[in-house]
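Some notes on the model follow, as numbered points. Please read them with the structure open.

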Amino acid sequence: MRFALILTVLPLPAFAWDFSPDPVCTLTHQTDTAEIAITYDVSLPEYALFITLREGEWDDAPSFQMTFQGGVPVTIGTTRHMLSGDSATLSVRDRGFGNVLDGIEFNTSLAAGTGARFVTADTSDAAAAVQAFRNCPSDDPAVS
């Protein structure tokens, strides 16, 4: 019984930023409320951001924004975002993601959303994964 009680009060493990080069360059992060993934497909060449909510739907709003706080605070936005059929996944595609990658790498947190629906993520441990992503593939994708 004590063991079960101890397990209920221990902090949950922190979610780290992860990088994978296969099948396309991918940077991912899990939060309590969402999964964040950034991909770079050299064959297109194109970057894509996907934020999938664990519960609920994104607000169908005319713009999407990301705010980064920490060392180099910045807010970026676009009207070229799309929602999945069930509105659980928000995506943005572009040929350059320098501001997004800089925001994640050089800050400590982000907030991303549409309308009144936002998700937050800790970015304080993201630098190494972002650097690996920037170097994938080996001929360095353009980031701006």
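1. Strands here are DSSP runs of E with at least two residues, numbered from the N terminus. On that basis S87 sits in the loop between β7 (82-83) and β8 (89-94). The model is a predicted one.

2. S87 is buried, at a relative accessible area of 18%; the cut-off for buried is under 20%. Leaving aside residues up to four places away in sequence, S87 touches E57 and W58.

3. The disulfide count is one. The bond links C25 and C136, with an S to S distance of 2.0 Å.

4. The link of C25 and C136 is left-handed, with -80° about the S-S bond. Both ends are buried: C25 has a relative accessible area of 5%, and C136 has 7%.

5. An open sheet is formed by four strands in the order β6-β5-β9-β10, with antiparallel pairing. β6 (74-78) and β10 (117-122) are the edge strands, each pairing on one side only. From one strand to the next the twist averages 15°.

6. Within this sheet, β5 (residues 64-69) and β9 (residues 109-114) run antiparallel and are joined by six bridges. Q69 has S109 in β9 as its bridge partner. Helix α2 (residues 98-106) packs on the sheet and touches β5, β6 and β9. The direction of α2 makes about 35° with that of β5.

Definitions and conventions
Residues numbered from 1 in each chain as written. Predicted model: local features only at pLDDT ≥ 70, side-chain atom pairs only at ≥ 80, totals over all residues. Heavy atoms only, no water. Disulfide = S-S within 2.5 Å. Buried < 20%, exposed > 50% of the residue type's maximum accessible area, 1.4 Å probe, protein only. Contact = heavy atoms within 4.5 Å. Pairing = 2+ DSSP bridges. Axes fitted to C-alpha atoms, helices over the stretch in contact; angles between N-to-C directions.
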